[in-house]
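Keep the viewer open as you read.

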Amino acid sequence: SCIFYYEENFTCTWSPEKEASYTWYKVKRTYSYGYKSDICSTDNSTRGNHASCSFLPPTITNPDNYTIQVEAQNADGIMKSDITYWNLDAIMKIEPPEIFSVKSVLGIKRMLQIKWIRPVLAPHSSTLKYTLRFRTINSAYWVNETYNLTELQAFTEYVMTLRCAPAESMFWSGWSQEKVGTTEEEAPYGLDLWRVLKPAMVDGRRPVQLMWKKATGAPVLEKALGYNIWYFPENNTNLTETVNTTNQTHELYLGGKTYWVYVVSYNSLGESPVATLRIPALNEKTFQCIEAMQACLTQDQLVVEWQSSAPEVDTWMVEWFPDVDSEPSSFSWESVSQARNWTIQKDELKPLWCYNISVYPVLRDRVGQPYSTQAYVQEGIPSAGPVTQADSIGVKTVTITWKEIPKSKRNGFIKNYTIFYQAEDGKEFSKTVNSNILQYRLESLTRRTSYSLQVMASTNAGGTNGTKINFKTLSISVLEIFFITSLVGGGFLILIMLTVAYGLKKPNKLKHLCWPDVPNPAESSIATWRGDDFKDKLNLKESDDPVNMEEDQVLKPYSAPTDFIDKLVVNFENFLEEVSTEELGKKSYNGLQYRLGYLGYPLTLLLIINHLLLYTGFCQFIGYG
């Protein structure tokens with residue numbers, strides 16, 4: 001093929017076959033309508049898939065007809081192509097034109113006037129044809145036009161570029177440099193209106209958050225000076241209230257009845273059409289028609305599809321916002337008509353963020369019950385693992401509980417949790433549970449053994465371990481402590497019952513065993529060893545003088561006589577005989593106190609043993625045994 005670059009060169013290119021050895025080429029040309037000929041010899045020929053050769057001025061004249069033949073030669077011989085014929089006007093290619101200006105025409109809406117300069121290197125005798133290409137400044141799609149640009153969007157920036165070619169030529173020039181123009185401004189195009197219904201407050205008022213944005217198809221550069229809002233209860237326009245704001249959201253506090261809300265935007269050239277929204281009554285039942293919905297990812301889009309049981313519903317409102325731990329600060333929404341799917345580019349959503357997506361059916365002025373799902377455009381491993389603690393530690397069991405990871409740190413859907421636990425210097429074990437389980441009981445552990453444990457949360461991208469904790473199993477359980485204590489206590493109870501039964505059967509023997517006779521020192525026969533004087537001093541009851549009695553009650557130093565030891569040596573047999581003849585009725589109160597003292601011995605012993613058992617078991621239960 002050949003092409004004539006006006007006033008530059010005449011270039012021919014070809015695609016040679018694959019050659020086995022080095023090949024060089026010659027291009028034979030006849031020009032001046034066949035009266036002259038020459039050869040373009042190229043020594044940079046290649047065994048590749050193409051080659052080219054150019055004829056340069058001054059041997060290029062226009063108009064003219066050329067014939068071209070390519071000759072290939074290598075060690076095996078020479079091969080010639082067919083002769084081809086070329087008319088220079090038909091294969092002429094010129095420079096692109098230059099756009100001089102792009103302006104709107106005063107008083108003519110939605111129109112741009114484009115002016116350009118004819119290429120300098122173009123034959124003056126040739127009539128040129130042009131192609132105009134344009135797009136909005138935020139679009140990637142070009143529209144081809146040949147002359148006037150009309151029916152454009154108001155107050156919108158357009159990018160223009162132009163190319164041209166001689167009328168007889170098959171080759172177009174390259175595209176010119178881009179030029180930007182803006183159409184005239186008009187009144188606002190319109191609004192898309194939506195709402196978020198919040199729970200009623202204690203006083204019965206309902207917070208309703210109104211949101212609006214430029215309608216689909218509105219000019220990109222359109223700017224509103226403000227917004228007028230008016231609303232009233234259904235069938236009662238006398239209670240109309242109005243609000244003016246410059247924001248694109250406003251919160252109303254409505255009663256429990258049905259309300260109508262109207263919003264318009266305005267600028268210096270006028271107002272937009274009215275956007276209308278019906279707020280249902282608090283107790284109004286909404287219709288439900290969406291049966292199922294799913295969200296899936298393509299290469300660069302998130303696609304949401306749903307199924308409906310109501311064929312008459314053909315308008316839907318799609319609402320999406322980030323699923324965060326606090327109340328979302330902003331909502332996004334978009335109206336869908338004549339379709340049951342919705343798509344959004346991935347780069348419009350944040351990666352590692354979970355989005356709540358709800359679809360509302362809209363039938364005329366009524367909004368139905370939504371159907372919701374969640375989606376990520378990109379998942380990652382959790383930023384943090386679960387916070388874990390060990391509860392109900394037993395001899396061979398322990399209950400592990402953990403908290404959910406905060407939504408902002410999940411970075412994906414939690415698929416499962418894996419519990420890793422390992423005994424000191426032992427083998428590591430693991431248990432995997434579903435994502436809805438936040439507690440697990442480990443069994444078959446070793447008694448009185450230290451363990452380390454951590455829980456891993458996993459998404460489709462991977463897992464992250466949580467905090468590591470340590471715990472030690474018990475050496476004795478509460479049940480075992482209760483059993484041992486009950487066994488010992490029961491044994492002592494049986495012993496006491498047997499003792500009581502024995503005492504009832506043989507009371508005298510039990511009485512002498514528990515309450516042995518204690519002699520009264522005042523009745524002792526030792527008084528006879530020293531005579532009557534000593535006996536009188538010991539017998540305090542026989543004293544008539546109370547003053548002397550008090551003096552006698554006071555202990556006084558007494559020096560024993562030298563023969564006191566000798567007088568203590570008495571006939572032991574007479575002593576036993578005298579004591580045995582004493583009557584029980586003459587026992588004093590002092591003897592009774594001694595007898596009662598023996599009663600607490602077995603009971604005190606039982607209490608001491610019981611307390612020791614309980615204390616030992618408690619120490620072992622808490623891990624100190």
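Start at R110, which is partly exposed at 33% relative accessibility; here buried means under 20% relative accessible area, exposed means over 50%, and partly exposed lies in between (1.4 Å probe, protein chains only). Before going on, please note that this is a predicted model, in which local features need pLDDT of at least 70 and side-chain atom pairs count only at pLDDT 80 or more, while totals for chains, interfaces and linings use all residues. Residues are numbered from 1 along each chain as its sequence is written, and side-chain values use heavy atoms, with hydrogens and water left out.

The side chain of R110 meets that of E186 in a salt bridge, at 3.4 Å from N to O. E186 sits in the loop between β15 (179–182) and β16 (191–197), and R110 in the loop between β10 (98–104) and β11 (112–117), so this pair ties together parts that are 76 residues apart in sequence. A salt bridge here is a side-chain nitrogen of Lys or Arg within 4 Å of a carboxyl oxygen of Asp or Glu. Helices (H or I, at least four residues) and strands (E, at least two) are DSSP runs, numbered from the N terminus.

The structure holds 14 salt bridges. One of them joins D38 and R29, at 2.6 Å from N to O; D38 is partly exposed, with a relative accessible area of 22%, whereas R29 is buried, at 1%. Another salt bridge brings together E404 and R410, at 4.0 Å from N to O. There is also a network of salt bridges, which links E234, R278, E284 and R366.

Now turn to a sheet. Its 4 strands follow the order β5-β2-β1-β9, in an open sheet with mixed pairing; two strands pair if DSSP finds at least two bridges between them. β5 (51–55) and β9 (92–93) stand at the edges with a single partner strand each, so one side of each has no neighbour in the sheet. Strands β1 (residues 2–5) and β2 (residues 9–14) run antiparallel and are joined by 4 bridges. In one of these, I3 has T11 of β2 as its bridge partner.

I481, T485 and G503 are buried in α2.

Finally, step back: the chain has 9 helices and 39 strands, and 35% of its 625 residues count as buried.
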